[in-house]
Amino acid sequence: MHDWAGIFSTYLNTGVYLAAPDAHAAIRQAARSRDLEYAEVDLKRVKDKRGFLKKTTDALSFPAHFGMNWDAFNDCLTDMSWKPAAGYVVLFKNYQSFAIKDALDAHMAERIFDSSAQYWKQKKTPFYVILHE
C-alpha cells in the first residue's frame with residue numbers, strides 16, 4: 001500500500017504508479033489534500049484505442065481540437081494550459097482490463113505516461129498517472 005499523500009508531496013515523485021482496486025478513494029483524498037487537479041478515467045468497458053482516447057478526452061476535458069491519436073494525446077498531456085493547476089493526478093480505473101483487451105495500445109499509452117511524467121518533472125510540476133487494477 002502506498003502513502004499517497006507522501007508521494008504527492010513533491011514533484012520529485014512525479015511518475016506512473018500502480019494502485020490496488022480499493023485505493024481510489026485514498027488517492028482522490030490525497031490529491032485534493034495537496035491541491036492537485038484530480039481526474040478519474042474509467043476504462044471499464046473500453047476495449048480499444050478509440051475508446052481509451054474518448055474516455056480520457058472526456059475526463060480531462062481535452063480541447064475541442066484534440067486529434068484522437070497518440071501524438072495529440074502526448075501533446076495534451078504535456079500542455080495542460082486549458083486546465084491550469086499546481087499539479088495533476090490522473091487515475092485510470094480498470095486499466096488492467098483495458099491492457100488485457102488491447103495490449104499494444106496500452107503499451108503505447110504507458111510510454112506516453114512515462115514521457116509526460118518526465119516532462120512535468122523537468123518543469124518541477126507534480127504529475128502522477130495512477131494505473132488502477
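**View 1. Surroundings of H2 in the predicted model.** H2 touches I7, Y17 and L18, leaving out residues up to four places away in sequence; contact means heavy atoms within 4.5 Å. This is a predicted model, in which local features need pLDDT of at least 70 and side-chain atom pairs count only at pLDDT 80 or more, while totals for chains, interfaces and linings use all residues. Residues are numbered from 1 along each chain as its sequence is written, and side-chain values use heavy atoms, with hydrogens and water left out. H2 lies in the segment before α1; helices (H or I, at least four residues) and strands (E, at least two) are DSSP runs, numbered from the N terminus. With a relative accessibility of 37%, H2 counts as partly exposed. The cut-offs are under 20% relative accessible area for buried and over 50% for exposed, with partly exposed in between (1.4 Å probe, protein chains only). H2 and A20 are 18 residues apart along the chain, and their C-alpha atoms are separated by 9.3 Å.

**View 2. The protein chain as a whole.** The secondary structure comes to 6 helices and 4 strands. Along the sequence they follow the pattern α-β-α-β-α-α-β-α-α-β. The radius of gyration is 14 Å, close to the 14 Å that the globule rule gives for 133 residues, so the protein chain is as compact as a globular protein of that length. This radius is taken over C-alpha atoms, and the globule rule is 2.2 Å times the number of residues to the power 0.38. The C-alpha trace spans about 35 × 30 × 20 Å along its principal axes. Of the 133 residues, 45% count as buried. Among contacts between residues at least 6 apart in sequence, 66% join residues at least 24 apart.

View 3. In helix α2 (residues 24-33), the buried residues are I27, A30 and A31. They cover an arc of only 100° around the axis, which puts them on the same side of α2; the arc is that of the directions from the helix axis to the C-beta atoms. The face turned away from this buried side carries the exposed residues Q29, R32 and S33. The buried residues of α2 pack against α1 (4-7), β1, β2, β3 and β4. Just after α2, D35 takes a positive phi of about 60°.

**View 4. Helix α6 and its packing partners.** Helix α6 (residues 103-122) has 20 residues and reaches 29 Å from its first C-alpha to its last, close to the 28 Å expected at 1.5 Å a residue. The expected span is 1.5 Å times one less than the number of residues in the helix. Buried in α6 are D105, A106, A109, I112, F113, S116, A117 and W120. They cover an arc of only 140° around the axis, which places them on the same side of α6. An α-helix has 3.6 residues a turn, so residues three or four places apart point the same way. On the other side of α6, A103, L104, R111 and Q122 are exposed. The buried residues of α6 pack against β1 (15-19), α3 (49-60), α4 (70-77), β3 (88-93), α5 (95-101) and β4 (127-132). K124, which follows α6, has a positive phi, near 60°.

**View 5. The largest nonpolar core.** Of its 30 residues, L43, F52, F73, L77, F92, Y95 and F113 touch the most other members. A nonpolar core is a set of buried Ala, Val, Leu, Ile, Met, Phe, Trp, Tyr and Cys residues joined through side-chain atoms within 4.5 Å. At least two residues of this core come from each of β2 (37-42), α3, α4, β3, α5, α6 and β4. The largest share, 6 residues, is supplied by α6. Apart from this core lies another, of 15 residues, among them A31, V89, L91 and Y128. Leaving aside neighbours within four places in sequence, Y95 is in contact with L43, F52, A106, A109, E110, F113, L131 and H132.

**View 6. Aromatic rings around F52 and F113.** The whole structure holds 22 aromatic pairs. Rings of Phe, Tyr and Trp (its six-membered ring) pair if their centres lie within 6.5 Å; planes under 30 degrees apart count as stacked, over 60 as edge-to-face and the rest as tilted. F52 and F113 form a tilted pair, 6.4 Å centre to centre with 50° between the planes. The pair links distant parts of the chain, with F52 in helix α3 and F113 in helix α6, 61 residues apart. F52 is buried, with a relative accessible area of 0%, and F113 is buried, also with a relative accessible area of 0%. Ring pairs link F52, F62, F66, W70, F73, W82, F92, Y95, F98 and F113 into a cluster.
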